[in-house]
Amino acid sequence: MAQASTSKSASISASDFDSHYADIQGAAFNATKLAAALPQDMSFHRSLDKDFAQHVDATSDRVLKLTNRLLALASTTRTSQAHGKSKLEDQDDVVDNFSSMVIDAVDHLYERVDMCLDEFGGRIKPAAIEVKPMPPKTKHNASRQGRLDPSLTHASHLSKPQLKFKRKVDNSNHTSWNPTLKHKYNAKMPLGYELQSVDVDMDYEMMPRGTHPYHHEITHISYPQRMFEHADAISPASFDQTPFTWVETKDAFEDMLEKLRKSQEIAVDLEHHSYRTFSGFLCLMQISTRQEDFVVDTLALREDLEDLNEVFTDPRIVKVFHGAESDIVWLQQDFNLYVVNLFDTYHASKVLDFPRHGLAALLAMYCDFIPDKRYQLADWRIRPLPEEMLQYARSDTHFLLYIYDNLRNALLDRGNGQDSLIRTVLERSEQTALRTYVKEVYDFETGTGPGGWDTLSQKWNKSLSGMQMAVFRCVHAWRDKVARSEDESTRYVLPNHYLFELAERPPADMAGLLASFRPVPPVIRTRAKELLDVIRETVKENLSSSAQLSSTKAPDTVAPVHAEVEVDPPLVPVSIERSSTIDVKEAIDDQARLWSNEQPGRSIVATLSSFLGRSTASAPPNYYSTKSVLFPPTIAKASSSSVPSRYQEVVARIHGALVIAPSVPKVLLDATKDLRDSGGDGKAINSQPVVVPQSPPSEIPEQIEIPFVPASQRQAAPTIDDTVVVVGQARQKKRKRVKQPTGDQSNESTPGPNTEATVKKKAKTIAQDEPSAEELEPFDYASAPNILDDQSGSRATDVKKSRQRKGGNFDYGDFPAPPRAHSELKGGNRSQTFR
């Protein structure tokens, strides 16, 4: 392919270029197709087929040579930016440097080809005027760094000028705005009507409310011919040489209007204020002609500026704006002003593909002027205006007509003398001039729109839900309501970040509310109680709705299903004296209250939950007790006719909490049995015999239940005066050390520590110290305190004394002090309490 292209390169002409281009495309397509068909494991196939390996190596060398030739060709162009090594020698160079050397070089070649084709086709031509580079910052034209004086940014000492407006501001949420023109200047269509069809009878129909009054005039305009002709740009005079007029009276306004009627082009710009008002209002209007600059005080002439429609709607006068998207809406909202024959320099810079489209960039490009953009955020209500702010306002329109001349000539030159590009800019400017003011409406449900709560949460990337979202929405709606009533901006009433702080941590009292602000906004100082009541009411409603939701879902998640539990008679029958007039139902309710806080008659067992689902009745494990002496069969029989389910439910829960104790040693059991039968003096305590049942082999072996004897029927074990009772393990006597004899006598008379005699002596000593089985006194389980005993009276006194004793017996509630933390100081300052 390379040889073929080389042989034809010298003889290529315009006639055979297409065929040559087709050959190149076909060769590139075939090479790409064959490369994609190569196997992934090339090394494996090379090892199997030597011919295949030779062909691969030959093709690789050929491609490498072609690539190096291409790099050599790219190095001769001016666009080449390669540094260092510019040749691929081996496989490592291809792997490491292919992207930086080959791909970048090919991209530069493609860019150069595109530029040459565009230049050959007439798409790129140099502008008719010389575009000046960005001037360096000097002492005279450099913008000042830092922030403005706070008194210029927010003049808090100024009274609200909107209070003096003859047309009172209407911030209500339910009304809409409609144009209220007194007279329609330069009208091709009567005011309030729209031409639907052009015929002999001139069919007119009423325009819908809110429709642009000059819609027909803007869409059917006949532009002056001079706008499509090339002309030299008229340079503006300096600020000192250009006349300037401050317009704040009716006479000055009439003089300015007379001069504007004679102009062919005017430049217009606006300055507004939106911090101390809800909807905002215009403070200044700058208008410049070829000869003079005007700055109109729109606060003083607010009711008279509608007469500017005579000039602004005249199609013979070009109105030059920059970025008029918002200016068109401001003029309608405050003054009922409309613009016909608009030329927006912003759209012109977009059509010309300028890198930057701001007014500051155009001023620096064409006029070597860099404005101080800090004054964009200045408070334009200040009167009189400082000199710096006045110069900034004049600069927005003083150079704009000169920029318009340059842009118009550049559009004509870019279009080869045709007016297509200018027409494009004018069409876009018409769409801007047709914008209408729509009053902002607050939608509490959806929260959409520029001032909606949903728009704000998405802008701040906040995801709130539940209580937080409810508080956020109510505070956001309260802020909008207060801002409309007091004609303040929402940012002035309550900044946005405070909305999210209140939503994430709703305050409970006034101190918590005021602590959320640093500093407290002025409106909150007077309406803090109102805001707190709104938050409290929202929290209360949210909690009540959550409770209602949970109560409505309770039947679906918890069903009062009771399982019948069969109660077996106790294993050990014990006779308990009871009154014949006992109220069985009351006794059962008292036992139920002991285990639950529920009222009598209500269910305390649930067999269905949203966490585990419906439970199934299953036999209790064999280590749980199903019988006890707590509830004898007399109560079971008496309760079977009154409240069987309630009684059985309580008994089942108690039995389920009891665990069968391990078996007692036989020796202790026999001793306890004898002591219980005799009482220590030969008298029987219980007339009924004690029956110790044996568990069947299938159940747990050697499991017995110790009978329960009431405290009234117990007899304390006899005590002997002057008897010392030792509790715990006996203290071991210290073994005496035997002095070892010296000499040969030790081996003959005294046995060593490891001899048989020594071991026997030690065993005899231990046997004498330990008591025998006959001397061991059995423990009386019947007379020992029981957890089921009544702890009133003397028992309560004993408990109190035991709590006072350090290291006494454990009792519920007698918890020791918590352990000392590792981080707690061991010394230093300590707080003590003196009694």
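Here is a short chat about helix packing and aromatic rings in this predicted model.

Reader: What makes helix 12 roughly perpendicular to helix 14?
Author: Their axes come within 10 Å and cross at roughly 75°. Angles of 65 to 115 degrees count as roughly perpendicular, so helix 12 gets that label against helix 14.

Reader: Which residues of helix 12 and helix 14 make the contact?
Author: From helix 12 come Leu359, Leu362, Leu363, Tyr366 and Cys367, and from helix 14 Leu400, Tyr402, Ile403, Asn406 and Leu407. By class that gives 9 nonpolar residues, 1 polar and no charged ones.

Reader: Now the rings. Why is the pair of Phe165 and Phe281 called edge-to-face?
Author: Look at the planes: they sit at 90°, with the ring centres 5.9 Å apart.

Reader: How do you know whether Phe281 is buried or exposed?
Author: Buried means under 20% relative accessible area. Phe281 has 2%, so it's buried. Phe165, at 5%, is buried too.

Reader: What about Phe239 and Phe399: what is the angle between the planes?
Author: It's 75°, with 5.8 Å centre to centre, and that pair is edge-to-face. Phe239 is buried at 18%, and Phe399 is buried at 11%. Ring pairs also link Phe239, Phe369 and Phe399 into a cluster.

Reader: What puts Arg408 over the face of Tyr404?
Author: Arg408 lies 5.2 Å from the ring centre, and the cut-off is within 6 Å, along with within 35 degrees of the ring normal.

Technical notes
Residues are numbered from 1 along each chain as its sequence is written. This is a predicted model: local features need pLDDT of at least 70, side-chain atom pairs count only at pLDDT 80 or more; totals for chains, interfaces and linings use all residues. Side-chain values use heavy atoms; hydrogens and water are left out. Axes are lines fitted to C-alpha atoms, for helices over the stretch in contact, and angles run from 0 to 180 degrees between N-to-C directions. Helices (H or I, at least four residues) and strands (E, at least two) are DSSP runs, numbered from the N terminus. Angles under 35 degrees count as roughly parallel, over 145 as roughly antiparallel, 65 to 115 as roughly perpendicular and the rest as oblique. Contact means heavy atoms within 4.5 Å. Ala, Val, Leu, Ile, Met, Phe, Trp, Tyr, Cys and Pro count as nonpolar, Asp, Glu, Lys and Arg as charged, and the others, Gly among them, as polar. Rings of Phe, Tyr and Trp (its six-membered ring) pair if their centres lie within 6.5 Å; planes under 30 degrees apart count as stacked, over 60 as edge-to-face and the rest as tilted. Buried means under 20% relative accessible area, exposed over 50%, partly exposed in between (1.4 Å probe, protein chains only).
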